[in-house]
Amino acid sequence: MPLTMANPHKELHITAIHSSQDMRMRLCNMGITAGIPVRVISRSPSSLLVGVRDTRIMLDFKTAHQIHVQ
Amino acid sequence: MDNKRITIALAGNPNSGKTTIFNNLTGSRQHVGNYPGVTVEKKEGFRCFKDQELLIVDLPGTYSLTAYSPEEVVARNFVVQDNPDVVVDIIDASNLERNLYLATQLLELEIPMVLALNMADVAESWGIKINDELLAQKLGVSVVRTVGSRNQGMEELLEIAVTKKARSGSCNINYGVDIEGALEKLEPLLAVAHQELKFPKRWLALKLLENDKDIIEHVKKISGGEATVRTAAEARAALQKKLGEDPEMLIADLRYRFIGVLCREIVIAKNTDAVTISDKIDKVLTNRALGLPLFLGMMWLVFNLVFTLGAFPQGWLEKGVELLGSWFGQNLAEGDLKSLIVDGVIGGVGGVIVFLPNILLLFFAIALLEGTGYMARAAFIMDRVMHKVGLHGKSFIPLLLGFGCSVPAIMGARTLENPRDRLVTILVTPLMSCSARLPVYTVLISAFFGEHIAGNVLFSIYLLGIVLAIVMARIFRSVFFTGSTEPFVMELPPYRIPTLRSIVTHMWERSVLYVQKAGTIILAISIIVWFLTNYPSEVQYSKDYEGLVAQSKTAFTVQVDEEIAQPLKITNIEEHLAFQAVVTKISKVEEDFKAKSENLQEGSPELDALKSEKEISLRKIQTVESALYGPASRYTELKGKLDDNKDKLDKEQTGEKLAQSYAGRAGKVIEPIIAPVGFDWKMGVGLFAAFAAKEVLVSTLGTIYSVGAADENSIPLKEALALDPAFNPLVAYSLMVFVLIYSPCLPTIAVIKRETNSWKWAIFSSVYSTMLAWVIAFIVYQGGKLMGFGG
Amino acid sequence: MEKIILGLIGVAAIYFVVRNLWKEAKGEVKCACSHSGCSNSDENKKGCCDK
């Protein structure tokens, strides 16, 4: 399911990132790649705050929606 | 002794503490400029260490070394082409994996490197133990533990640089059979490129496989380059087909895998509890329902604190300025020079300097919010609101900085990649009331609003600023710059306890700047305002003031003679010791009463109590001096009337002189424009002078009221304002609203011009905000009058 | 005599203000900030290791 529908505080794994090449590289540079664990810390109608690889990243809703987890 | 300059380049992720370390190494000897051809900031500093001259370059913070942003390109070009003697990669020890992502890329550039394992204290407190020796061994470079916030580890870093012990290290990442095979084929083709561009061949080959636009362009320009690029493109396509994924992603994945293995080896213990604490705090502070109210509550708290805590030291400073003014007033010869010093300088600069405590408290709060990491959360909390106006939460951070000063705030808007978002943010930032306007609010609120609502009034002004910023952002977005919102990704630092050192340093710097500002531009303008309000000094008065004063004096003497002196058969009443003694006693009681009852309400129990006290004291005197009491009482009454009359005439006279001064006349000219919003010419002059710096409004009013003061004693500006009939709470509020909104000060306008590269936007920001100010102040003032608030 | 002192002070003040405004317009902003990104054109004191 997309990250935006994930339950907060549950430890999930990224299965796929359906963004453009540019965005995927940007996310990758920040540490967000397929296969790693991720957890949702907080969310709002317009953005998500997620925890990956020891850090916290804020994503806009649309981008977060393109990240699939399970 | 080797006198050649040694260059140290600092690289690292944003938020890794690089800037702190840079400041530690260079102190205040920094220079900021631009890299040629790009808008990327170039920060350099100098330092002496062991008789060696060091040039320290703070490379832009980057997460990687791709070609996706100019910062990354600048960083990697500098490292390879500008030949720094050593590159220090600053690694956030509490965020190892992601930080090593950049480190491995730097290592692949094959340059002398040192790793600074920064924030080692934070990592330790989280229970993360890192085997730095093993790390040094695995990567082939020295590793130095640093705690930038406590200035620890700096010497070791410099030592390595100066003794040239930095090695080029190696991180031999095996990218797998297929990719390695492609690299092997490409490397020999890149010999010439390596010569020209200085990058290692393996690295160039990797970049070509990654489809790095910048490198591809440069290689094409070299002889034979086109062919090489084509070969690389073919290899790319083949890899994509065989491995089912873009080589760029594959390479990145393999890097992370390498790092993962490395981390497992070097990280000994890991206590994930600490991470969860930060998350727990975030769950509350960024909570969907609680987040915004908490944020507003925090702001409310800050402003109340600034006002109430600041009031105490402010009071002391006021007393000090008063004493200074009185001393000069009594010890200088009468004349213009004395007036210049007492009214112009002390009245003007003194009026501004007393607000230093409030300013310091404000910056303390801002430093605290920033240092703990809460500021970044504000971006998340406000993102919802920002989204509705077409911006990001990311825009909110420059806006928050605007509470301190618009200049760094507008420069902070550089973090917004989208030029449209950046422009809107820049245009709207000055509405976030900067610290220079705080003295204006403070003096007006102290003069016209009671203690219990002071904090709320202040908060209301700041809140109005925030609301207007959001509304105007919306308007700008939909009228001038349309388009969909861009995606964004932003890292939030962990919560931490800021060091006392960093906060105190920040506050000290700000106070120095404030005093400097007061002693330079504000002083200069106060002097000019004094000249403009004091001249012309030969004025045509509407009445013969001197004559009137003399008249009332004569009338007094005659009346006293008739009613008192003759019945008592006293020839010289002024020299009659016994009589004057009684007069003195009575006067003292009356003065005491006046002083104590100043702020009390009619009909209140305290006032009635004081009144009865007064009566009792007067009765006492009467019983003692029964014969002289009656006449003495009458004398006091008449003298009182004489003094009052003289005061009134004096005030009128100086008022007329003031109104006919150059400043007065200039003020009168614009009075018709500002009268509908409730202002008179004095405020007009102040508003105009405040173009140079907002505090100047206070110093200008300080000088004007001082020059216009009828008596010798200097009273604080807030009292003078309260006494001016042109002023009342509604006018004060209208003035505060106007000051909040109207044109930013000249330094800010200059920065807007620089950041937008056009005078058009700079002038626009000044004009639109002044017009907006007038409209809103008009609504406030006229609306207030309709509702009966006017005095 | 007093007039001369006053005159000098006044002229100095005007000169100071005008020069300040001109500098700001040109871009050498009087930095009222201590944040990163401040274009404080500090003179780089080279030769600090004067022997």
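In this predicted model, strand E3 (residues 47-52) of chain A and strand E4 (residues 55-60) of chain A run antiparallel and are joined by 6 bridges. Leu48(A), for instance, has Leu59(A) in E4(A) as its bridge partner. Strands count as paired if DSSP finds at least two bridges between them; helices (H or I, at least four residues) and strands (E, at least two) are DSSP runs, numbered from the N terminus.

Let's step back to the sheet. It is open, with 6 strands paired antiparallel in the order E5(A)-E1(A)-E2(A)-E3(A)-E4(A)-E10(B).

| Edge strand | Residues and chain |
|---|---|
| E5 | 67-69, chain A |
| E10 | 489-492, chain B |

On average, neighbouring strands of this sheet are turned by 45° against each other, direction ignored. Helix H1 (residues 21-30) of chain A packs on the sheet, touching strands E1 (12-17), E4 and E5 of chain A and E10 of chain B. Contact means heavy atoms within 4.5 Å.

Now for a helix pair. Helix H20 (residues 419-428) of chain B and helix H33 (residues 746-756) of chain B pack at about 175°, their axes 11 Å apart. Axes are lines fitted to C-alpha atoms, for helices over the stretch in contact, and angles run from 0 to 180 degrees between N-to-C directions. H20(B) and H33(B) are therefore roughly antiparallel (angles over 145 degrees). Arg422(B), Leu423(B) and Ile426(B) in H20(B) meet Ile752(B), Glu755(B) and Thr756(B) in H33(B).

Residues are numbered from 1 along each chain as its sequence is written, and chains are lettered from A in the order in which they are written. In this predicted model, local features need pLDDT of at least 70, side-chain atom pairs count only at pLDDT 80 or more, and totals for chains, interfaces and linings use all residues, while side-chain values use heavy atoms, leaving out hydrogens and water.

Notes. Angles under 35 degrees count as roughly parallel, over 145 as roughly antiparallel, 65 to 115 as roughly perpendicular and the rest as oblique.
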